[in-house]
Amino acid sequence: MIMDKMQEKYSHFHMQMLTADGRSVNFYKKNGFERAVKTQPMWIYQGDEH
């Protein structure tokens with residue numbers, strides 16, 4: 001239901017992008033998302049919970 005609402009709200013955007021960790025990738029694939037060709041997520045992160 002949340003994904004349906006998001007798609008409804010942002011359907012007019014030509015691109016919808018998110019960052020998904022390994023545990024949620026399959027969920028987003030089931031909802032129509034796919035890997036963006038050769039993109040690689042990157043960050044500068046100073047936390048300690050990963």
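The largest pocket of this predicted model has a volume of about 630 Å³. Its lining is made up of 16 residues, and the closest to the pocket centre are Leu 18, Ala 20, Glu 34, Arg 35 and Ala 36. Sorted by class, the lining residues of the largest pocket comprise 9 nonpolar, 4 polar and 3 charged ones. The general idea behind such a search is that a probe the size of a water molecule, rolled over the atoms, shows where empty space is left.

The loop between α1 and α2 deserves a separate look. Helix α1 spans 2-10 and helix α2 spans 25-30, and His 12 sits in the loop between them. With a relative accessible area of 62%, His 12 is above the 50% cut-off and therefore counts as exposed. A polar atom of the His 12 side chain lies 3.5 Å from the backbone oxygen of Lys 9.

Thr 19 is also placed in the loop between α1 and α2. Its relative accessibility is 74%, so Thr 19 counts as exposed. Thr 19 and Pro 41 are separated by 22 residues in sequence, yet their C-alpha atoms are 7.7 Å apart in space.

Charged side chains come next. Side chains of opposite charge can pair when their charged atoms come close. The structure holds 1 salt bridge. In this salt bridge the side chains of Asp 21 and Arg 23 meet, with an N to O distance of 3.0 Å. How exposed are the two partners? Asp 21 has a relative accessible area of 35%, which makes this residue partly exposed. Arg 23, at 77% relative accessibility, counts as exposed.

The aromatic side chains can be followed through their ring pairs. How many aromatic pairs does a search of the whole structure find? The search gives 4 aromatic pairs. In one of them, the ring centres of Tyr 28 and Phe 33 are 5.8 Å apart and the ring planes stand at 85°; because planes over 60 degrees apart count as edge-to-face, the pair falls in that class. Tyr 28 has 22% relative accessibility and so counts as partly exposed. Phe 33, by contrast, is at 15% relative accessibility, under the 20% cut-off, and therefore counts as buried. Tyr 28 and Phe 33 also belong to a cluster, linked by ring pairs, that includes Phe 27.

Trp 43 and Tyr 45 form another pair. Are their rings stacked or edge-to-face? The centres lie 4.5 Å apart and the planes meet at 10°, so the pair of Trp 43 and Tyr 45 is stacked. Trp 43 counts as exposed because its relative accessibility is 60%. Tyr 45 has a relative accessible area of 31% and is therefore partly exposed.

Where does Val 37 lie? Its place is in the segment after α2. The phi angle of Val 37 is near 40°, a positive value in a residue other than glycine. Val 37 has a relative accessible area of 71% and so is exposed.

Methods: Residues numbered from 1 in each chain as written. Predicted model: local features only at pLDDT ≥ 70, side-chain atom pairs only at ≥ 80, totals over all residues. Heavy atoms only, no water. Phe/Tyr/Trp six-rings, centres within 6.5 Å; stacked < 30°, edge-to-face > 60°. Buried < 20%, exposed > 50% of the residue type's maximum accessible area, 1.4 Å probe, protein only. 1 Å grid on protein atoms, 1.4 Å probe; cavity = no way out; pocket = protein on both sides within 12 Å on 5 of 7 lines; lining within 4 Å. Points joined across faces, edges and corners; volume = space filled by probe spheres on them. Nonpolar A, V, L, I, M, F, W, Y, C, P; charged D, E, K, R; others polar. Helix = DSSP H or I, 4+ residues; strand = E, 2+ residues; numbered from the N terminus. Polar contact = N/O pair within 3.5 Å; in protein donor to acceptor, adjacent residues only side chain to side chain. Salt bridge = Lys/Arg side-chain N within 4 Å of Asp/Glu carboxyl O.
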